[in-house]
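Hi,

Here is the structure I promised to pass on. Have a look at it first, and my notes on the chain contacts follow below.

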Amino acid sequence: MIQHIVDYAGITALAASGAVVGIRKGFDLFGIATLAVLSGVGGGILRDVLLDIDPPSALQRWPDVTLCVVVSIVTTVFAKAVIRLGRLVLVLDALGMGFFATSGAAISVDHGASWFAAAVLGMISAVAGSIMRDVVARDVPMVMGPDDMYAAPAMLGSVLYVVIDHAGAQWLAVVVGSLVATLLRLAAITFHWRLPTGPRDLIAHVHRHPVSPHVG
Amino acid sequence: MIQHIVDYAGITALAASGAVVGIRKGFDLFGIATLAVLSGVGGGILRDVLLDIDPPSALQRWPDVTLCVVVSIVTTVFAKAVIRLGRLVLVLDALGMGFFATSGAAISVDHGASWFAAAVLGMISAVAGSIMRDVVARDVPMVMGPDDMYAAPAMLGSVLYVVIDHAGAQWLAVVVGSLVATLLRLAAITFHWRLPTGPRDLIAHVHRHPVSPHVG
Amino acid sequence: MIQHIVDYAGITALAASGAVVGIRKGFDLFGIATLAVLSGVGGGILRDVLLDIDPPSALQRWPDVTLCVVVSIVTTVFAKAVIRLGRLVLVLDALGMGFFATSGAAISVDHGASWFAAAVLGMISAVAGSIMRDVVARDVPMVMGPDDMYAAPAMLGSVLYVVIDHAGAQWLAVVVGSLVATLLRLAAITFHWRLPTGPRDLIAHVHRHPVSPHVG
């Protein structure tokens with residue numbers, strides 16, 4: 001029960017972030033909804049394709065995509081309110097990211113992935129949707145740029161899941177992995193923790209990405 | 001027989017649109033051919049991957065990719081003539097889009113997709129190639145932007161197929177779904193029917209996409 | 001043995017090229033590592049997905065991704081030295097490309113691909129990682145633009161493999177296909193052999209891609 005709530009909260013937050021990018025890019029309702037779907041379930045669909053779960057469960061069952069479409073319509077109608085709720089969306093997003101990292105790893109283990117693959121696929125479940133959103137919207141992927149850490153917490157949560165699950169405690173693995181990932185992400189937002197970039201003088205300052213993929 | 005003609009006409013039109021984008025971007029022959037292949041069969045390949053048809057039939061059989069490559073060469077040699085034929089290409093493209101939406105849904109149902117998944121996958125078959133073309137060519141995806149409706153007719157055609165097929169009339173489903181999608185697309189081009197965007201004052205006017213993905 | 005060395009040399013060179021693009025784009029360590037992984041093993045992962053090898057072997061086994069991550073860290077720390085070694089990286093990359101083209105075709109034949117599909121999938125194994133790198137980094141894909149030939153040698157190597165293997169000589173197919181592809185690529189770099197583009201007056205000179213995806 002609780003994991004369904006976290007799951008849908010995460011999808012909602014990610015879908016809202018996608019819809020906001022679409023609105024700011026001037027996309028039409030289809031484009032906005034597509035970005036919301038990519039952000040909300042794209043990571044899970046990629047994970048399912050890599051695990052040979054075909055059709056991916058987010059397409060085979062109707063609720064996930066439908067939720068993303070509804071979120072995109074609500075976000076479009078109440079765009080200014082959603083943008084004002086930016087901080088709430090960031091927190092929900094961190095919650096969803098942490099959960100996706102461990103649930104993605106769990107699904108991978110269940111479908112025959114090695115421990116190494118499960119750790120990578122958990123992380124992919126959590127961040128690939130956001131990368132797809134930015135690539136399709138022609139932005140530099142937010143999780144790859146120099147912003148506050150996002151993928152590193154996902155990786156850590158996913159690795160923690162795999163290690164603790166390997167020790168035999170699956171539920172503990174979900175809880176600890178998700179919590180650590182979410183808390184580390186929230187700390188990264190609060191204190192602007194960032195990963196290092198390469199040497200500054202080698203960075204080609206040509207494009208700055210114009211539209212923040214963050215909501216607000 | 002008739003469906004093969006429509007199928008190849010659609011692939012030809014989509015491949016020509018991809019080749020024109022490649023030419024205008026200054027790509028070399030390989031790049032032009034790759035864009036033609038992505039546009040022409042990319043949607044079907046993505047559908048096959050999501051349905052677990054591996055290798056995708058557009059790769060396993062030689063005619064589809066070969067047709068795209070031939071179209072890309074002809075388009076490169078007679079670029080100006082093809083661009084002058086822009087309206088014809090748009091009509092062929094609308095015909096192909098309508099057919100891809102229903103044939104994609106039909107193939108999905110045959111391979112175990114739920115009705116929901118079949119409707120989504122039909123639409124993906126019809127529009128994903130065009131999104132891939134634009135993403136690889138570094139343009140804002142035409143079907144997501146504020147241009148004349150493209151994806152909405154595809155979605156409608158695909159849903160109509162699923163509903164009528166469910167009622168037991170597969171051939172009627174193909175004909176009605178394809179025709180409605182094609183006619184709605186042609187009407188959208190003629191009368192500039194568009195889906196709404198988000199609130200105008202939230203749109204970040206930074207990038208305008210420089211090269212029309214339409215032929216002509 | 002020898003093929004493992006060539007395989008890892010190719011992955012190393014491709015991963016280094018991805019890391020350099022990430023460094024120059026100002027990505028953080030995660031972004032740099034992701035570009036290195038996409039460049040190094042992205043083509044093979046796409047091939048495996050299209051062949052229904054799930055999870056893809058580059059994820060299921062740990063060495064390939066780990067090598068890419070190590071290369072990305074070393075490249076970030078010694079960025080200037082790696083850029084100065086540009087020519088060596090180009091040669092290793094040509095070696096890897098030639099090998100990936102034939103090994104990709106061989107794996108495809110082993111997994112039920114038709115001869116046509118195997119030739120295409122060999123080429124995809126060799127060049128798709130580089131296209132993913134550039135798309136995610138928001139550059140025009142280097143292998144599609146007007147630069148020195150890259151994909152055409154890969155295609156030739158992959159076709160040679162399929163033809164010679166069909167005649168019954170698999171090892172000869174690997175050696176001849178790889179060598180021809182690598183030598184043609186090295187000649188293309190040396191003599192600036194390029195494929196033709198479309199008519200020059202149709203090229204829209206809007207974007208020039210700002211960061212060379214070549215190392216050095």
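C:Lys80 and A:Asp201 form a salt bridge, with their closest N and O atoms 2.8 Å apart (a salt bridge here is a side-chain nitrogen of Lys or Arg within 4 Å of a carboxyl oxygen of Asp or Glu). The count between chain A and chain C is one salt bridge.

Before you read on: this is a predicted model, in which local features need pLDDT of at least 70 and side-chain atom pairs count only at pLDDT 80 or more, while totals for chains, interfaces and linings use all residues. Residues are numbered from 1 along each chain as its sequence is written, chains are lettered from A and ligands numbered from 1 in the order in which they are written, and side-chain values use heavy atoms, with hydrogens and water left out.

**Chain A with chain C**

Chain A puts 35 residues into this contact and chain C puts in 34 (contact means heavy atoms within 4.5 Å). Together they bury about 3000 Å², 68% of it on carbon and sulfur atoms; buried area is the accessible area (1.4 Å probe) that two parts lose on being put together, summed over both. On the chain A side, A:Phe116, A:Met144 and A:Leu202 lose the most area to chain C, together 23% of what that side buries.

There are also eight residue pairs in polar contact between chain A and chain C, both residues at pLDDT 80 or more. (That term is a pair of N or O atoms within 3.5 Å; within protein, one must be able to donate a hydrogen and the other to accept it, and residues adjacent in sequence count only if both atoms are side-chain atoms.) Helices α2 (29-51) and α7 (115-136) of chain A each supply at least two residues of the side that touches chain C, and α7(A) gives the most, with seven residues. (Helices are DSSP runs of H or I, at least four residues, numbered from the N terminus.)

**Chain B with chain A**

Here 35 residues of chain B are in contact with 34 of chain A. The two chains bury about 2900 Å² between them, 68% of it on carbon and sulfur atoms. B:Phe116, B:Met144 and B:Leu202 supply 23% of the area that chain B buries against chain A, more than any other three residues.

What is the one salt bridge across this interface? A:Lys80 and B:Asp201 make it through their side chains, at 2.8 Å from N to O.

Cheers
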